Amino acid sequence: METFFQQIINGLVLGAMYALVALGYTMVYGIINLINFAHGEVLMVGALVSWTVVTALADSGLPGWVLLLISLLCAIVVCAVLNFAIEKLAYRPLRSAPRLAPLITAMGMSLLLQTLAMIIWKPNPKPYPLLLPTDPINLGGPVISVTQCLILGVTAVVLAALMYLVNRTKLGRAMRATAENPRVAALMGVRPDMVISATFVIGAALAAVAGVMWAANYGTVQHSMGFLPGLKAFTAAVLGGIGNLAGAVVGGVLLGLVEALGAGYLGALTGGVLGSQYADIFAFAALILVLTLRPAGLLGERVADRA
Amino acid sequence: MKNKFVVFALCAIALLALPLIAQQFGQGWVRIMALALLYVLLALGLNIVVGYAGLLDLGYVAFYAVGAYMYALLASPHLFENFPWIASLFPGGMHAPVWAVVPMAAGLAAMAGVLLGTPVLKLRGDYLAIVTLGFGEIIRVFMNNLEQPVNITNGPRGLDRIDPMNLFGFSFGKSLDIGEFRVSSVALYYYLFLGLVVLSVVICQHLETSRIGRAWMAIREDEIAAKAMGINTRNMKLLAFGMGATFGGVSGAMFAAFQGFVSPESFSLQESVMIVAMVVLGGMGHLPGVILGAVALSALPEVLRYVAGPLQEVTGGRLDASILRQLLIALAMIGIMLSRPRGLWPAREHGKAAPAAVPAPAPDAAR
């Protein structure tokens, strides 16, 4: 039973990070119908920028949480600017091009960012310093680290802020209108280009937060670290119904839980035949299962094919 | 007509002579050309799925892997060493004939394609993309881990000592001496792949103009309308998946024989992305375009690897050949798409109204 609760906690933490990244995918998809393949790489850039800042300020004597906060802010700014530029350079000129053209530039962008990161930061994995107290908090059996607590807390705050932004502000209304129908939204005085840029900036900020937390939680940063979270978060977004914000969060948390429980119990259930290295399969098996039963995802609405 | 024939003959002679000239400059160049042809084969297969039927498949490399592992398992001593009962069945060693292995690889890959296709055909375009991507990853995880409790794939270490291709007692593994002139083993593979590519082009061309091909394109353009015209869309999509997978399986078997070694590393998601990029960059659904895309994306960066040495010295090792190659591929993918969104050599749009008649839901239409 203790393993169960422990894996639930681990799954929630993992799911929280997936959810943050998945939101970026789903917002972009909801508005311009593009799978932004470079999104995982934005997370990677966020983590590496944060690492650079933290190591540069390591001797300044600032307490760990201040360092983390400063590096987080830097990462958010860099990622926001980066994603803004990516959209402007690689996706905007292809708005009315065939559907696969922006997808290929997105894949190219992903490869480009990875390569540039390899050139700038060298390909070797780098240890991310421990900035927060490492003593785990005991919850009467299962334990949770300070970093994990922080991840859950930050995710909750960020999600609340995003909900407010999307549902209560003028920009949020413009975003929802553009997602619904860009041309009509434009007639109502919304500037779609501005809204799309804002969406990319917000998505990048969420990815940067996830990237810094990912680095703090796992303790290493590398140019290839964006691949797996990006892939899983995208899976989460599709699982929940792509284009749907609540769906991204549900999908992310669900995926985190499935993976953590899968990794925790797979070996015991199959008598050691299948080990935890098969945990990655769980995410995709869950995806295929859910999509077979509900082709539009868990919370996705059934929409007619857009030609 | 006569003119066309002359051009065709010249092209044929050039393609046949190319490896013989290139091998004077080193086997590396012939190898690049052979691999480029292998990619052409893969791109032609994926073109059936993506280009003709309009189904975005991001896990195509899974079928390539299935074919490669099938060949590798049946033509290497691996199974033999790990399963004594198999060894007792084949006292002479496990050297399955090509005539048995390649159709088996093709068949298994086709089965995998249909198996994947069945549950996911209801899905819309982008959902399909992620499911196929997931399928590719699942296959890769299995390749990486299927060494316990029974060692089938030998895990990340891969399978080696694979027999070279052998047709009618003629081995592609040794170089061929014709008088004074020596044709290397790599060049022999080049000719084998060239033959397969020509065969595939003929098959694809016939498919394109056949009932099946037209049904695929109808589904690509408008699935509901295609259904209304009496096309069995489910079977047609499954057929596209199966056909594409068959091409992948055969290419995989060729790859295994050519390399003599397979490991999960060769079948990463990046490879799938590259094949999709070849098809789209070249011009989806247009055979010359697809071939051009495949050759451009596979051969050009490899060529660059040879000239990258000096650059590496200048930049103090930061820009080594493989990084430079990646950088070039990435820039090519972005640059070509931005300048030619429909591909380098797109098909003429036939049977379609002027594109302006139905404006895309472009958000900036209001400006």
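Which elements cover the buried residues of α9(A)? The points below take up that question and two related contacts.

1. Basis. This is a predicted model, in which local features need pLDDT of at least 70 and side-chain atom pairs count only at pLDDT 80 or more, while totals for chains, interfaces and linings use all residues. Residues are numbered from 1 along each chain as its sequence is written, and chains are lettered from A and ligands numbered from 1 in the order in which they are written.

2. Helix α9(A). The cover of its buried residues includes α1 (2-32), α2 (39-56), α8, α10 (245-269) and α11 (279-293) of chain A, together with α7 of chain B. Helices are DSSP runs (H or I, at least four residues), numbered from the N terminus. Of the 14 residues of α9(A), 12 are buried, among them K232(A), F234(A) and T235(A). Buried denotes 20 or more other C-beta atoms within 10 Å of the residue's own, with C-beta atoms placed from the backbone.

3. Geometry of α9(A). The helix comprises residues 227-240, and its end C-alpha atoms are 20 Å apart, in agreement with the 20 Å that 14 residues should span at 1.5 Å a residue; the expected span is 1.5 Å times one less than the number of residues. G241(A) follows the helix with a positive phi, near 105°.

4. A210(A). This residue lies in helix α8 (residues 192-218) of chain A. A210(A) counts as buried because 31 other C-beta atoms lie within 10 Å. Beyond its neighbours within four places in sequence, A210(A) is in contact with M17(A), L20(A), V21(A) and L43(A), contact being C-beta atoms, placed from the backbone, within 7 Å. V21(A) is 189 residues away in sequence, yet the C-alpha atoms of the pair are 6.6 Å apart.

5. Chain interface. In the interface, 45 residues of chain A are in contact with 44 residues of chain B. On the chain B side, the elements giving two or more residues are α6 (98-120), α7 (125-145), α12 (269-282) and α15 (321-339). That side divides into 32 nonpolar, 3 polar and 9 charged residues. Here Ala, Val, Leu, Ile, Met, Phe, Trp, Tyr, Cys and Pro count as nonpolar, Asp, Glu, Lys and Arg as charged, and the others, Gly among them, as polar.

6. α4(A) and α15(B). The axes of α4(A) (residues 100-121) and α15(B) come within 8 Å and cross at roughly 150°. The two helices are therefore roughly antiparallel, a term for angles over 145 degrees. Residues making the contact include I104(A), L111(A), I329(B) and M333(B). The contact comprises 17 nonpolar, 4 polar and no charged residues.

Methods:
Two residues are in contact if their C-beta atoms, placed from the backbone, lie within 7 Å. Axes are lines fitted to C-alpha atoms, for helices over the stretch in contact, and angles run from 0 to 180 degrees between N-to-C directions. Angles under 35 degrees count as roughly parallel, over 145 as roughly antiparallel, 65 to 115 as roughly perpendicular and the rest as oblique.
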